[in-house]
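Okay, thanks for coming, everyone. Let me put this one up on the screen and walk you through a few spots.

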Amino acid sequence: MVHARPAYRPGLKQRLGHAVDLFFVLLGSGIVRLVHPVRTIRAVNALQEWGTTLGGLAKAAALAQPGKRAVIDDTGSLTYAELDERTDRLALALPLSGPRPRVGILCRNHRGLVEALVACGKRGAETVLLNTGAGPGQLRSVLSEFRPDLLVCDSEFAAALAACPPPLRGSIIWTDAPMPGGLLLERLIADAPPGHVGPPRSDGRVIMLSSGTGGRPKGARRRPRPGMGPLGSMLSRIPLRGRQTFVVDAPVFHMWGFAALQLGLGLRATIVLHRRFDPEQTLAELGRWRRCALFSVPVMIQRIMELPEAVRESYDTRGLRVVALSGSPLPGDLAHRFMDVFGDRLYNVYGSTEVSWVSIARPRELRINPATAGRPPRGTSVAVVGEEGGRLPRATIGRIFAGNENAFEGYTSGNPTEMWEGLLFTGDLGHLDSRGMLYVDGRHDGMVVSGGENVVPREIEDALARLPEIREVAVTGVEDAEYGQRLAAYIVLRPGAELDEDTVRSYIREQIARYAVPRDVFFIPELPRNATGKIVYRWLEGLRSGRVRTPEGRVAFWSEPGEPALAAAPVPDDYDGYTGT
């Protein structure tokens, strides 16, 4: 059941059906329309010549709607014509050689990141998107594995790069400020003479790094020409339109932020980016546009909901059409609370770096049960499989396998991926209900076996998150000499709230079962998260031994839960905490 790479192949009848569905989906989105007959023909020809790479999408958009704003960031805006012309210059000016050069990009969300990605696509360079939350140790490890010929970086990461050996850094282009030992992106574009840029001989892949929550990040190589199928797949479940403004808060180095960029370019939408996430700034941005869509991660909308009610109500967000989330599970009743305030516009996308999207929950489905991951979009197949390899019946928890035309090509390391009948293992456990709705019950490696009982921590987390005193919570298993494993709950209280261990245990005993009661209960200042807002469960082991990151950015040592810090130590190399985008 183990193969080197996914092998999902729909049959001929299925492909024909998908093609017909795709046409009508794209027609409804507004992308299949006559902007101008000559421009439309040129745009179609560009896609045929360039393919659906980022470079091809940008060039086609510039030919179809040259004067439309493509990107808005903290420094201003670019039209599609300007984006195309500037990235042509940058593609010619990049100091690269060889048939398939490799470029590492370490940037927050801004136009420089978009320009670098599009220019690398036009040049045919392989691009590695680096995590802005990586500590110096993890950054050294990733650079050592991928050995990029060129780095495109924001100046704020100069210190982290300086800690890496010079052979790993190579040449550097700085996006925002001149720094020693590197070129400035804007100067490179300005000094490059205009010239013709044709499609590269070979398409450059984009390499996405996995979140690294279970250890060292893995490189996942994306398909260079995904076609219009993935766009149609997403549109079959989420009503995105080209006339909407896309506010992308999810970090673009992450699969969901990158997907938002692809969708925006494919629909010729205006894409709004900010370097760092600020909940009130996001509300202000949503209030600026008559029709807009927000691409975010759950912890970000949680921060929006934590704003004072008077602050939220001071912004007119009637233009908000879609809030599309991905990257981590929706905790507790967050979906209901958000929709009660902002309307039934919430769409929750479940997927992974390897398989892209697996299923999408629409607002009506989230109203019925906020824990659901929804249904597979057009062109995606999902199966829940038992440990012995058979498809499981409804309401039975098993391993989730999925496949679609946008699945990755394989890991850069060459490590095999587990398959079942052409579908890729997502690494998660889940089940299907009687209506075919998918539920994700947790990570396969996160299942806790305590005293012979199989316990899924996600169920306990969702129950605890419904307590009004709790801001956020994580539950994991720890070794136990008597039972094999026992449950530990790590709880962050809301400001001014009070809660004790016995109340937590009694609540879980009443809501779920005796075997689900956490033996260990820790009250901590915050949960350790990576730059995409995911909880990093392996760092919770350090909290048990007494190491907790304080709000001041250091790791404190607790002798017992709730007692004052006794000492402090530097934050580990691979811990940067959650700071937004």
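**Arg303 and its surroundings**

So, Arg303 touches Phe277, Pro279, Arg471, Glu472 and Arg529, leaving aside residues up to four places away in sequence; contact here means heavy atoms within 4.5 Å. Keep in mind this is a predicted model: local features need pLDDT of at least 70, side-chain atom pairs count only at pLDDT 80 or more, and totals for chains, interfaces and linings use all residues. Residues are numbered from 1 along each chain as its sequence is written, and side-chain values use heavy atoms, with hydrogens and water left out.

Arg303 sits in helix α13, residues 298–305. Helices are DSSP runs of H or I, at least four residues, strands are E runs of at least two, and both are numbered from the N terminus. Is Arg303 buried or exposed? Buried, with a relative accessible area of 17% (buried is under 20%, exposed over 50%, partly exposed in between, with a 1.4 Å probe and protein chains only).

Now over to the sheet. We've got 8 strands in an open, mixed sheet, ordered β8-β7-β6-β4-β5-β9-β10-β20; strands pair if DSSP finds at least two bridges between them. β8 (183–184) and β20 (410–411) are at the edges with a single partner strand each, so one side of each has no neighbour in the sheet. β20 pairs with β10 (residues 219–221) in the antiparallel sense, over 2 bridges, and Tyr411 of β20 is the bridge partner of Ala220.
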